[in-house]
Amino acid sequence: MYPVGHLALGYLCYAAVAWLSDRQLPHGLTLLVLAIGTQAPDLVDKPLVFLGVLPSGRSFGHSLLFVLPALAILAKRTAHTDFERHARAFIIAVLSHFVGDTYLLALRGEWAALRFLLWPVFPAIDYPADDIPPWVRLLDLGADSPEMQFQYLLFAVAVVLWLRHTYRRKQTDSGDTATHPDPRN
């Protein structure tokens, strides 16, 4: 999944959790933390593999053996603090990144291709794109592939949801609660 897909999927996952809990969609700093979290595994792995530090573009930052304990520590350390909402956004975003990187492999039954989730227990996978600089990979959007079109669709849905939420927040902030009594709906 490309960055735009990860961003959209992370936002939609957070929106789903928010809808089931406090109905507060992310905005401000929480939205920024969410956006960074959706890219976090790639922000760790892609530059480091290009520099020759890591063996694969899906290794340390994509390994559940490292990421899950780190997220558990983050959750524990921020519980009942002013940072709890931001930490929840980051955790949801990082976990959504894993969903984005694995759902097609799982649907296709390509279980061996999921071994990156348990790196270094299982050897790293060599990806052809690991030799391409990360900033160049961002420019290759592969718009004609069905997978990329799906990611653009996810992004469009996320943008519409975000715009709706932003509009409703502004309505509430301006005091126009007669037409929109609950900004979280």
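This briefing walks through the fold, helix packing, cores and backbone details of the structure above. The model is predicted, so local features need pLDDT of at least 70 and side-chain atom pairs count only at pLDDT 80 or more, while totals for chains, interfaces and linings use all residues. Residues are numbered from 1 along each chain as its sequence is written, and side-chain values use heavy atoms, with hydrogens and water left out.

**Overall fold**

- The protein has six helices and zero strands; here helices (H or I, at least four residues) and strands (E, at least two) are DSSP runs, numbered from the N terminus.
- Along the sequence, the pattern reads α-α-α-α-α-α.
- Of the 185 residues, 36% count as buried, where buried means under 20% relative accessible area, exposed over 50%, and partly exposed in between (1.4 Å probe, protein chains only).
- Taking contacts between residues at least 6 apart in sequence, 64% join residues at least 24 apart; a contact means heavy atoms within 4.5 Å.

**Helix α1 against α6**

- Helix α1 (residues 3-20) and helix α6 (residues 146-173) have axes that come within 8 Å and cross at roughly 45°.
- That angle makes α1 oblique to α6; angles under 35 degrees count as roughly parallel, over 145 as roughly antiparallel, 65 to 115 as roughly perpendicular and the rest as oblique.
- Axes are lines fitted to C-alpha atoms, for helices over the stretch in contact, and angles run from 0 to 180 degrees between N-to-C directions.
- The α1 and α6 crossing is left-handed (the near helix is turned anticlockwise from the far one by less than a right angle; clockwise would be right-handed).
- On the α1 side the contact includes Val4, Leu7, Ala8 and Tyr11, and on the α6 side it includes Met148, Tyr152, Leu154 and Phe155.
- By class, this contact of α1 with α6 has 15 nonpolar, two polar and no charged residues; Ala, Val, Leu, Ile, Met, Phe, Trp, Tyr, Cys and Pro count as nonpolar, Asp, Glu, Lys and Arg as charged, and the others, Gly among them, as polar.

**Helix α1 against α2**

- Helix α2 (residues 29-50) packs on α1 at an angle of about 130°, with the axes 9 Å apart.
- α1 and α2 are therefore oblique to each other, and their crossing is right-handed.
- Among the residues making this contact are His6, Tyr11 and Tyr14 of α1, together with Leu31, Leu34 and Asp42 of α2.
- The contact of α1 with α2 divides into seven nonpolar, five polar and one charged residue.

**Nonpolar cores**

- The largest nonpolar core has 15 residues, of which Tyr11, Tyr14, Leu25, Leu34, Leu154 and Ala158 touch the most other members; such a core is a set of buried Ala, Val, Leu, Ile, Met, Phe, Trp, Tyr and Cys residues joined through side-chain atoms within 4.5 Å.
- α1, α4 and α6 each supply at least two residues of this core, and the largest share, seven residues, comes from α1.
- Beyond its neighbours within four places in sequence, Leu154 is in contact with Met1, Ala8, Leu9 and Leu12.
- A second, separate core of 11 residues includes Ala40, Ile91, Phe116 and Ile125.

**Backbone details in the loops**

- Trp119 and Pro120 are joined by a cis peptide bond, with omega about 10°.
- Pro120 sits in the loop between α4 (84-108) and α5 (134-139).
- His80, although not a glycine, has a positive phi of about 60°.
- This histidine, His80, lies in the loop between α3 (64-78) and α4, and its 76% relative accessibility is why His80 counts as exposed.
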